[in-house]
Amino acid sequence: MRNIRTIAGAVAAASMLAGALIAAPASATIAPAGHGHGHGQCSLTGKTLTATASVDQPLTDKFRTYAETGGAWTGADSTYSLPLKGGKTGWFFSDTFLGTVNPDGSRPTDSAFVNNSIVVETRKGMQTVTGGTADAPEAIVPPEDDGRWYWIGDPATGKHNTVQVPLLQFTRTGTGQWDWGWSANRLATLDGDTLQLESIADLPSATGINWGSWTLQEGRTTYIYGITDIEGVRSAHVARTTDGSGLAGDWTFWDGTGWSAEEADAVPVTPYVANEFSVAKYRDGYLMITQDTSELFSTRIVARTSCSPIGPFSEPVELYRTPETGALGSYGDADVFTYNAHEHPDMRKGNRLLVTYNVNTFDNVGDVYDDASIYRPRFIDVELKVGG
């Protein structure tokens, strides 16, 4: 329940949010994306992007059924995915409720809770993977002995049949409810078969950039995206490795004109992204999907385009409005909000995208137990068209 913690100071504003309906269709002209810092012009420049979006009912039903009858995973956030061996898909989550759901849709108050987990989807069904034991489950990457805990970033494929998971480490700073904060970026390496933890290593952490919002692997190059949140403007930054080692390689950082070995030289490439977003190839350019953070508790999921993975990115085009948020939303609850939308490029079919976002509530001692459906990912299909 990450955003309960990170936006605590704005609880009162949630009561002013109105629910919203699907934006379908929505369109806007894509601004010239420039030369992409050496990547050249692309066919997206100056074109009009049109989006039509709707709920992905099969995936929605599949996760709801698993949550309510599987006796294992009942809800979580982050919702990253990664193709695994044997045609499997790993769904990677941060804060996770385990256990069962009551017949009336409520969650038992003694439900187990871990900071990260994986649900593996196969042709035969789903299975929850955690650390620890069946009787005493732990997170895949458990808390440190001093209480520091980990939320996950976007996983990547590593060498030697491993999975690399960027981590955000958090620590307590006092005894109050909100006395905690980010303390470091780290990298977990998981066994590709068992998905159990093999090792943890340090990642660049000197500047306060939260790395791991997204990873983009292109051949031997891996781009790693992170965010800063300065004076209310949440901006994206980009690092990369080029030796085929994924996130475990030597990082360099985009400084506006080239790649620097110094993290302190990293500059923002676009503003108003969420803590989690996506950047993926689209036609001969790139497509960014993010929740709009230019307004407080926005219901807007937007797209930006570029001719390069490092920008410049176009102005946002609205894809969808999340219907759950606020007193006028589908839950009729001023405490409910949505966040951290991104695409799942490996599940794209032509111009049809799979996008997920998360739903949560500021009432984390009531709502999440009264109605287990609140704290689960949402799945939407987005069909894009690019016109002249």
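Gly192 sits in the loop between strand E15 and strand E16 (197-202). Strands here are DSSP runs of at least two residues, numbered from the N terminus. This is a predicted model, in which local features need pLDDT of at least 70, side-chain atom pairs count only at pLDDT 80 or more, and totals for chains, interfaces and linings use all residues. Residues are numbered from 1 along each chain as its sequence is written, and side-chain values use heavy atoms, with hydrogens and water left out.

Is Gly192 buried or exposed? Gly192 is buried, with a relative accessible area of 9%. Buried means under 20% relative accessible area, exposed means over 50%, and partly exposed lies in between (1.4 Å probe, protein chains only). Set aside the neighbours within four places in sequence, and Gly192 is in contact with Asn161, Thr162 and Val163. Contact means heavy atoms within 4.5 Å. Lys159 is 33 residues from Gly192 in sequence, and their C-alpha atoms are 9.7 Å apart.

Now turn to the nonpolar cores. In soluble globular proteins, nonpolar side chains tend to be buried together. A nonpolar core is a set of buried Ala, Val, Leu, Ile, Met, Phe, Trp, Tyr and Cys residues joined through side-chain atoms within 4.5 Å. The largest one has 33 residues, and Phe92 and Val279 have the most contacts inside it. Beyond four places in sequence, the contacts of Phe92 include Tyr80, Leu82, Ile118, Val163 and Leu190. A second, separate core has 25 residues, among them Ala53, Tyr320, Leu353 and Ile374.

A cavity is a set of points, on a 1 Å grid over the protein atoms alone, where a 1.4 Å probe fits but cannot get out; lining residues have an atom within 4 Å of a point. The search of the whole structure finds one cavity of 30 Å³ or more. The largest cavity has a volume of about 60 Å³, meaning the space filled by probe spheres set on the points, which are joined across faces, edges and corners. Strands E8 (117-122), E14 (162-172) and E15 (180-191) each give two or more residues to its lining.

Finally, which cysteines form a disulfide? Cys42 and Cys307 do, with sulfur atoms 2.1 Å apart; a disulfide is a pair of cysteine sulfur atoms within 2.5 Å. Cys42 lies in the loop between E1 (26-29) and E2 (48-55), and Cys307 in the loop between E25 (300-306) and E26 (317-321), so the pair ties together parts 265 residues apart in sequence. Both cysteines, Cys42 and Cys307, are buried.

Definitions and conventions: On a 1 Å grid over the protein atoms alone, a cavity is a set of points where a 1.4 Å probe fits but cannot get out, and a pocket is an open set with protein on both sides within 12 Å along at least five of seven lines; lining residues have an atom within 4 Å of a point. Helices (H or I, at least four residues) and strands (E, at least two) are DSSP runs, numbered from the N terminus.
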